[in-house]
Amino acid sequence: MVTVNAMGDACPIPVVKTKNAISALKAPDVVETLVDNEIAVENLKKMAAQKGWKAQDSKLAEGSYSVQITVDSIENADESGKKEDMSAYTCTPDGKDHRVVVIRSSYMGEGSGELGGVLIKGFVYALLQQDSVPGTMLFYNGGAKLTCEGSEVLEDLKELEQRGVKILTCGTCLNFYGITDKLAVGEVTNMYDIAERMTGASLIVSP
């Protein structure tokens, strides 16, 4: 078995890497490609079907998938000199790059601040449990406090960042609350960047 690591690669790179690995085969074999999103899984299965090869996919862990393609004949496998036509593959956003979660307060909803604090903590934890996480989380106004030392959601945010979520906190807000030096996860951003990411988002979630 030949293993191709395409974790973190944007579409259509997983397909390209897999085709290159298949082209390099000297005999029939199984090519396994590791990817981190379902769009890549479907594209790899589509590529295999076009060639008449069997493809089997499995979910290894949260945000980790394996696609095994059984190349039973290498007669048409070598495409090293052929120009790639990727129009058949889907490269629409899978949410990692274009879905944006906006956190504008240190609590969730109206009414009790104590209850709101419990709710926002639960929301961030629930977000971490999703199969497909957003590409960006924006924190501004009171929400800036959640990315700083002492935050009850800090560990969950760090795990989200490890899964590829961009954590961005408004620098003006950090300065206003006097907590710039307390930032413990992600990066500082500005209102221009916030506006750009929000207007370019495929979906905005604001709890």
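Student: What share of the contacts with a separation of 6 or more comes from residues 24 or more positions apart?

Tutor: In this predicted model, such residues account for 72% of those contacts. One example of a pair separated in sequence is Glu155 and Ala184, which are 29 residues apart in the chain and 9.8 Å apart in space, C-alpha to C-alpha.

Student: What is the make-up of the protein in helices and strands?

Tutor: Six helices and nine strands. Of its 207 residues, 39% count as buried. The protein exposes about 11100 Å², and carbon and sulfur atoms supply 50% of that.

Student: What makes the link between the side chains of Thr18 and Thr33 a polar contact?

Tutor: The cut-off for a pair of N or O atoms is 3.5 Å. The Thr18 and Thr33 side chains are joined at 2.7 Å, so the pair falls within it.

Student: And Glu155, why does that residue count as buried or exposed?

Tutor: Exposed takes over 50%. Glu155 comes in at 52%, so it counts as exposed. Its place is in helix H4, residues 154-162.

Student: How do you know that strand S5 is largely enclosed?

Tutor: Count its residues: four of the five in S5 (residues 99-103) are buried, so the strand is largely enclosed by the rest of the structure.

Student: What makes S5 a partner of S9 and of S6?

Tutor: Two strands pair if there are at least two bridges between them. S5 has three bridges to S9 (residues 203-205) and four to S6 (residues 136-139), so both pairings qualify. S5 runs parallel to S9, and S5 and S6 are parallel as well. Val100 has Ile204 as its bridge partner in S9, while Ile103 has Phe139 in S6.

Student: How many bridges join S3 to S4, and which way do the strands run?

Tutor: Seven bridges join S3 (residues 54-61) to S4 (residues 64-71), and the two run antiparallel. In S4, Val67 is the bridge partner of Asp57. The hairpin has two residues between the strands, and Gly63 there takes a positive phi near 70 degrees.

Student: Why is the aromatic pair called edge-to-face?

Tutor: The structure holds one aromatic pair. Its rings belong to Phe176 and Tyr177, with centres 5.2 Å apart and 90 degrees between the planes.

Student: Why do Phe176 and Tyr177 get their accessibility labels?

Tutor: Phe176 has 67% relative accessibility, so it is exposed. Tyr177 has 30%, which lies between the 20% and 50% cut-offs, so it is partly exposed.

Student: How many disulfides turn up?

Tutor: Zero, in a search of the whole structure.

Methods: Residues are numbered from 1 along each chain as its sequence is written. This is a predicted model: local features need pLDDT of at least 70, side-chain atom pairs count only at pLDDT 80 or more; totals for chains, interfaces and linings use all residues. Side-chain values use heavy atoms; hydrogens and water are left out. Buried means under 20% relative accessible area, exposed over 50%, partly exposed in between (1.4 Å probe, protein chains only). Contact means heavy atoms within 4.5 Å. Accessible areas come from the Shrake-Rupley method with a 1.4 Å probe; for residues, only the protein chains shown count as cover. A polar contact is a pair of N or O atoms within 3.5 Å; within protein, one must be able to donate a hydrogen and the other to accept it, and residues adjacent in sequence count only if both atoms are side-chain atoms. Rings of Phe, Tyr and Trp (its six-membered ring) pair if their centres lie within 6.5 Å; planes under 30 degrees apart count as stacked, over 60 as edge-to-face and the rest as tilted. A disulfide is a pair of cysteine sulfur atoms within 2.5 Å.
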